[in-house]
Amino acid sequence: MKHGPIAGAVIALLASAAGAGAVQAQEASQARETGATSEPEVVIVTATRRTTELQDTPLAVSALSGVELEDRGIVSVGAAVQLVPGVQLTNNQPGNNEIIIRGVGTATGTQSNADSIVNSTTAAYLDQVPISSTVQKTPDYRFIDLARVEVLRGPQGTLYGQSAMGGVVRYITNKPSTEALSGRVNTFVSSTDNGDWNKGVEGHVNIPLGETAALRLVGYGYDNSGFIDVIGTTQEPGANDENTYGGRAAFRWTPNDRLTVDLTALYNKIDLGSIQAITATYPVDFNPFTPAVTTPVSTSRLVAQHRQPAIREASIFSGEFNYKFDGADATLILARKNTDVDTKFEAADIVGLTDVYLNNRTINSGESDTIEFRLASTGENRPVDWIVGVYREKTTGTAATLAVVSGNPTLLNIILGPRGPLAVGDRGIDSGRALSYEELSFFGEATLHFTDKFDLTLGARTADVENDYRFVYARGKVEPAGRPALVGRSQAASETVATYKVNLSYKATPDLLFYLNAASGYRPGGFNFGTSVPVSIPDTSYTSDSLWNYELGVRSSLFNKRLVLNAAVYRIDWSDIQLSTIDLVTFYSSVRNVSRAEINGFELEAAWKATDNLSFALAYTYSDATVTGPAVVSGGGVSIDPGDPLPGTPENAGSLLANWRSPIGSSGNFFTANATYRYVGDRVPVLGQLTPVMEAYSLLDLRTGIELKNGIGLSLFADNVTNEVAVTQFIAGNPISYQFINRPRTIGVAANLSF
């Protein structure tokens with residue numbers, strides 16, 4: 001049953017008397033050892049590149065406390081951001097999350113578009129370093145020893161630049177401290193339905209190095225069992241097992257009151273035995289000359305035809321230098337990011353050649369160097385606050401595709417005709433491209449304080465961007481005939497893009513803030529290579545897509561701040577939408593600017609401290625995201641018409657959280673319990689593909705335990721209690737279709753030690 005925005009808001013308020021998981025950070029980070037308190041925690045954020053209190057920030061920003069995530073056993077971006085209103089996921093699996101904020105997303109309609117590359121609509125940051133890229137859209141760095149996760153909804157093109165058109169997700173780490181030696185170790189053992197045993201360990205230690213320096217070390221490792229059985233060309237139970245490990249080292253030096261130096265190194269590797277998707281299946285001895293007889297994909301059968309592994313590896317090295325001048329703070333951020341992704345996909349499934357087994361691989365790597373310098377005014381009672389800066393990015397990488405025949409190629413040779421024949425072991429496609437992205441941006445914002453209650457913020461950013469994709473080799477036996485001629489040929493696409501922001505805020509009382517925000521964002525354009533086989537398709541380029549977001553919001557604290565209630569209504573106009581397409585006749589893939597869209601929405605988040613021991617939180621989102629532009633036909637004959645919904649975004653979605661923490665007598669020990677409920681409504685999987693609809697789902701997680709005064713904690717948990725199999729993305733094939741799913745019910749025990 002669907003509800004409008006007003007009905008949804010009333011239902012949300014009646015359900016828990018208000019609350020959003022994001023806002024529950026208001027009390028989540030209170031010290032464990034002090035027990036319950038009636039005073040909510042004051043949450044500090046840096047979303048505006050300044051330090052502000054969350055409730056005094058005139059933006060749609062949410063903060064998820066690192067302690068709250070830790071207490072709920074949440075260590076992945078996929079599980080965390082679903083507690084924030086207006087945020088959805090597509091293709092959710094370890095190491096590969098694509099975040100959609102406020103409906104700004106198109107979703108990829110094939111398992112692999114090897115020749116088309118499209119950037120994300122959401123930017124991700126580790127502290128102040130951008131970490132999302134063409135190679136890996138939203139890296140799944142694990143949430144260990146984080147201060148908080150900040151989610152900015154709506155375009156942030158002024159301060160954050162390209163790909164922040166839907167919003168920004170920021171992982172804010174805990175910094176080294178000179179105060180004391182401290183640390184924490186967590187470990188767990190669990191069992192997954194239809195799978196096996198899981199285990200993991202994570203921890204951190206803070207080491208003071210005198211009065212001016214400190215070191216903080218973080219490490220983690222997880223071994224999670226698979227729950228999807230491969231039953232086709234090879235048989236392997238639980239093929240999608242996951243092995244993840246990594247760590248972070250941070251060093252802070254503060255030689256005086258003016259200078260702070262932060263150096264950080266991060267490493268993260270995720271090794272998946274197979275993608276987290278179920279598929280249709282067919283007999284191993286399938287005859288290509290008979291009609292395809294398959295068992296359709298179904299959430300009642302956690303099986304797949306092929307094993308399709310993936311390895312994602314990343315490292316980051318960064319330095320942040322802050323100096324406090326009289327009247328202004330200077331910040332310099334230098335960073336290098338390296339990313340390597342090696343995935344296998346079975347294209348034969350998608351195009352209907354089910355007995356060929358092409359064993360396709362994509363091997364992508366990227367190296368990105370970024371530098372940002374900015375100045376921000378400081379001081380009390382200034383009539384104008386300002387921030388100005390410059391940003392430079394140079395990203396290079398390679399994208400390689402390899403398809404080796406490992407099955408019966410008879411049907412493929414019939415289709416190829418004189419271009420064949422292919423035999424087992426032949427490399428059909430073996431090509432690689434060099435990728436290059438360069439950006440130089442200048443940005444600034446000024447806030448005019450007309451009174452102590454009324455502020456006006458104006459912002460602008462101009463960016464010169466250039467994408468260059470060129471083939472460095474093309475040696476496969478069935479490469480498109482025109483491709484070898486493109487080897488070494490530069491195909492650059494460049495443009496200058498400007499983004500703007502206007503924000504009015506009125507602080508009616510110390511606990512009531514209204515704001516009106518208009519902001520724009522963009523995603524850079526690029527280049528598509530042409531082909532001459534089987535038909536002639538010329539080289540093409542595509543431009544940046546852009547949008548404007550118009551928003552009215554309120555942030556409030558009621559009943560002596562025991563109830564925090566925030567809401568926003570917004571309208572987004574999105575033009576020249578970039579869509580990654582593939583023509584199922586020519587198999588030509590490209591990115592196109594296809595249409596326009598309009599998104600209207602309402603968001604509600606609140607946190608209610610019912611008693612000193614009991615608190616609730618709820619997030620609710622209503623979204624009407626539809627195409628408004630002229631009808632177009634994308635690759636494969638898919639029609640995109642006015643009124644079509646944008647993919648991956650439900651009309652209604654929300655989460656409800658409950659948290660209990662009470663002392664056990666006067667011993668200094670505590671009993672804890674929490675529940676996390678998430679609801680996502682019906683969605684379409686791909687722009688222009690209205691069926692099948694991905695059905696609504698609900699997930700419930702429960703956790704209970706004790707915290708002892710000696711720093712030991714023990715807990716029992718059950719994730720996905722109802723064992724619901726939720727489809728997060730659907731990819732249609734002929735005859736093989738894919739459904740990416742969540743993890744089934746998982747029950748376990750966890751222990752931790754703090755010192």
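Which residue stands opposite Y738 in β42? It is T279. Let me put that pair in context.

First, the ground rules. This is a predicted model, in which local features need pLDDT of at least 70, side-chain atom pairs count only at pLDDT 80 or more, and totals for chains, interfaces and linings use all residues. Residues are numbered from 1 along each chain as its sequence is written, and side-chain values use heavy atoms, with hydrogens and water left out.

Now the overview. The protein has six helices and 43 strands. Both are DSSP runs, numbered from the N terminus: helices are H or I with at least four residues, strands are E with at least two. Of the 755 residues, 57% are buried. Buried means under 20% relative accessible area, with a 1.4 Å probe and protein chains only. Take contacts with a separation of 6 or more: residues 24 or more positions apart account for 69% of them. A contact means heavy atoms within 4.5 Å.

Back to strand β42, residues 738–741. Y738 and F740 point one way, Q739 and I741 the other. All four of these are buried. β42 runs antiparallel to β17 (residues 277–279), joined by three bridges. It also runs antiparallel to β41 (residues 727–731), here with four bridges. Two strands pair if DSSP finds at least two bridges between them.

Next, an open sheet. Three strands form it, in the order β14-β13-β18, with mixed pairing. β14 (235–236) and β18 (303–304) are the edge strands, each pairing on one side only. β13, residues 229–231, pairs with β18 in the parallel sense over two bridges. There, D229 stands opposite V303.

Now the inside. In soluble globular proteins, nonpolar side chains tend to be buried together. A nonpolar core is a set of buried Ala, Val, Leu, Ile, Met, Phe, Trp, Tyr and Cys residues joined through side-chain atoms within 4.5 Å. The largest one here has 28 residues. I99, F143, V149 and Y171 have the most contacts inside it. Elements giving two or more residues to this core include α4 (77–81), β8 (146–153) and β19 (310–325). α4 gives the most, with four residues.

Look at Y171. Leaving aside neighbours within four places in sequence, its contacts include V77, Y125, I131, F143 and V149.

Definitions and conventions: Buried means under 20% relative accessible area, exposed over 50%, partly exposed in between (1.4 Å probe, protein chains only).
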